Amino acid sequence: MNSVEHMTAVVQRYVAALNAGDLDGIVALFADDATVEDPVGSEPRRGREAIRAFYANSLKLPLAVELTQEVRAVADEAAFAFTVSFEYQGRKTVIAPIDHFRFNDAGKVVSMRALFGEKNIHAGV
């Protein structure tokens with residue numbers, strides 16, 4: 001079982017890597033056979049190459065990512081609320097998802113699910 005400290009540190013590294021546009025840093029957090037379902041209900045990306053492609057696309061714009069509450073971590077799972085702000089074609093947008101990570105025994109993320117919908121996407125200021 002993963003410690004609360006380890007899972008919280010992984011979440012913090014994930015946020016830092018998103019802010020830095022660090023594709024390798026993000027992908028390194030995931031197990032080889034991990035899945036990313038972002039948003040929930042979309043077709044999950046399976047494996048590190050699919051995950052790399054997903055995040056490479058996500059990082060085409062500079063992101064400002066910020067945790068908005070404490071990380072919830074228990075057993076081999078962590079959930080965290082945060083915001084992702086970006087500007088595209090002069091329009092600022094803020095998305096407020098809750099992500100859920102599940103970890104393997106090696107401390108790598110094996111499943112990431114992003115929960116958000118239309119009501120969680122706002123015009124930025």
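Me: What makes β5 stand out in the lining of the largest pocket of this predicted model?
Reply: β5 gives 4 residues, the largest share of that lining. Elements giving two or more residues to the lining are α1 (4–20), α3 (48–58), β5 (77–88) and β8 (109–115).

Me: Why do residues such as D38 count as lining the largest pocket?
Reply: A lining residue has an atom within 4 Å of a pocket point, so each residue on the list meets that cut-off. The list holds 18 residues, and D38, S58, L63, V84 and I95 lie nearest the centre. About 360 Å³ of space lies in this pocket.

Me: How do you know which kinds of residue make up that lining?
Reply: They divide into 15 nonpolar, 1 polar and 2 charged. Asp counts as charged, so D38 belongs with the charged ones. Leu, Val and Ile count as nonpolar, so L63, V84 and I95 go there.

Me: What is L18 in contact with, leaving aside its neighbours within four places in sequence?
Reply: I26, Y55, L59, L63 and V65.

Me: What makes residues 11–111 worth a label in UniProt?
Reply: An unreviewed UniProt entry places the feature "domain: SnoaL-like" there. Over that stretch the chain is 26% helix and 43% strand.

How values were computed:
Residues numbered from 1 in each chain as written. Predicted model: local features only at pLDDT ≥ 70, side-chain atom pairs only at ≥ 80, totals over all residues. Heavy atoms only, no water. UniProt positions renumbered as here; feature names shortened; annotations may be inferred. 1 Å grid on protein atoms, 1.4 Å probe; cavity = no way out; pocket = protein on both sides within 12 Å on 5 of 7 lines; lining within 4 Å. Points joined across faces, edges and corners; volume = space filled by probe spheres on them. Contact = heavy atoms within 4.5 Å.
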